[in-house]
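This report goes through a set of side-chain contacts, charged pairs and helix packing. Please keep the sequence and the structure in view while reading.

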Amino acid sequence: MQDIDVAPARSGRNPVIGSWAEVNDYAPVLKWLLVNIVLAIGIFALWAFGLIQQLLETDRTHVSTIIAVIFALTALHCLYQTWVTSRDLVVARRVRDQMETADAVPVLLPDGRVMVQGRELEPGLISTYIGNLLRKASLGSGPFDQTILLRSLADRLRGRERLGLFVSEGLLRLALLGTAIGFILMLIPLSGLTAFDAETLRGALTGMTSGMAIALNVTVIGIGAALVLKFEYFLLDTAIAELFEIITEATEVGVIPRIGKAEG
């Protein structure tokens, strides 16, 4: 009987897509997909019951449509940033492992590439950061400190989620705006009352009901969209924090000590 090679299982690697750590680095993307699949199922159910059509018919301000479009575009931005961060996580783990096993000092080439023991570091955020460290070490004098570069890296990573945090707060403001507009539309029929007969009151109540529907529908959509966006960007923030931790660990353990020995 032919022997079966079980080396990939023993080594903890998936023979198709890499190590299980690398597979786990794409978990934020899968979580984003899971959240939006559940959201799409909920929207489809509401459409099947006719609630979405009723909302679109009653919302004369179209604020709910604006909120939905902004939410969709921002969610796609979150997906892109999550994918980029996951890819950077994969590269950061590989570079960290390469730096831990290397004995030589990294070398910065004129074209910006970083070489370690004749092997080029895989392009990514961590490789760019190591290149900046080497450039600073070659130009500076005195004790080497990467605090300023770490702050710059942290600001750059936070920039990936800054748009989502701004938009989620903006959607809450739009929800409040829609609520205010709905109440205004609800009160307009009362200001136009000239008589108190049944027909006049019936028309006024119809207008008030329409305004109240606009206020409540826009509020629900705005708050719901903001909460979903906040959760999606929370997942992105978790991945960014892990990436920053890996880059800090790799440079503090595998780069800074070697630079210090070379300067000494």
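Which side chain meets that of Asp155 in a salt bridge? The partner is Arg158, with an N to O distance of 2.3 Å. This, like everything below, is read from a predicted model. Asp155 and Arg158 stand three residues apart in helix H7, so about one helical turn separates them. Asp155 is partly exposed, at a relative accessible area of 40%, and Arg158 is likewise partly exposed, at 41%.

**Charged pairs**

The count of salt bridges in the model comes to 12. Three of them are set out here.

| Salt bridge | N to O distance |
|---|---|
| Asp155 and Arg158 | 2.3 Å |
| Arg93 and Glu242 | 2.4 Å |
| Arg160 and Asp88 | 2.8 Å |

The salt bridge of Arg160 with Asp88, whose closest N and O atoms lie 2.8 Å apart, links distant parts of the chain, since Arg160 belongs to helix H7 and Asp88 to helix H5, 72 residues away. Are these two residues buried or exposed? Arg160 is buried, with a relative accessible area of 11%, and Asp88 also counts as buried, at 10%, because the cut-off for that class is under 20%.

The side chains of Arg93 and Glu242 meet in a salt bridge at 2.4 Å, N to O, and this pair too links distant parts of the chain, with Arg93 in helix H5 and Glu242 in helix H8, 149 residues apart. Arg93 is buried, its relative accessible area being 14%, whereas Glu242, at 29% relative accessibility, counts as partly exposed. Both residues also take part, together with Asp25, in a network of salt bridges.

Helix H5 also holds Gln81, which counts as buried at 13% relative accessibility. Leaving out residues up to four places away in sequence, Gln81 touches Arg160 and Leu236, and Arg160 is the residue that forms the salt bridge with Asp88.

In soluble globular proteins, nonpolar side chains tend to be buried together. In this model the largest nonpolar core has 44 residues, of which Ile126 and Ile130 touch the most other members. At least two residues of this core are supplied by each of helix H5 (63-101), strand E4 (114-116), helix H6 (125-139), helix H7 (147-191), helix H8 (198-254) and helix H9 (256-263). The largest share, 13 residues, comes from H8.

Which residues does Ile130 contact, if its neighbours within four places in sequence are left aside? They are Val95, Met99, Val114, Leu121, Thr251 and Val255.

**Packing of H5 against H6**

The axes of H5 and H6 come within 8 Å and cross at roughly 50°, and the two helices are therefore oblique to each other. On the H5 side the contact is made by Asp88, Val91, Ala92, Val95 and Met99, which meet Leu125, Ile126, Ser127 and Ile130 in H6. Sorted by type, the residues of this contact comprise seven nonpolar, one polar and one charged.

Methods
Residues are numbered from 1 along each chain as its sequence is written. This is a predicted model: local features need pLDDT of at least 70, side-chain atom pairs count only at pLDDT 80 or more; totals for chains, interfaces and linings use all residues. Side-chain values use heavy atoms; hydrogens and water are left out. A nonpolar core is a set of buried Ala, Val, Leu, Ile, Met, Phe, Trp, Tyr and Cys residues joined through side-chain atoms within 4.5 Å. Buried means under 20% relative accessible area, exposed over 50%, partly exposed in between (1.4 Å probe, protein chains only). Helices (H or I, at least four residues) and strands (E, at least two) are DSSP runs, numbered from the N terminus. Contact means heavy atoms within 4.5 Å. A salt bridge is a side-chain nitrogen of Lys or Arg within 4 Å of a carboxyl oxygen of Asp or Glu. Axes are lines fitted to C-alpha atoms, for helices over the stretch in contact, and angles run from 0 to 180 degrees between N-to-C directions. Angles under 35 degrees count as roughly parallel, over 145 as roughly antiparallel, 65 to 115 as roughly perpendicular and the rest as oblique. Ala, Val, Leu, Ile, Met, Phe, Trp, Tyr, Cys and Pro count as nonpolar, Asp, Glu, Lys and Arg as charged, and the others, Gly among them, as polar.
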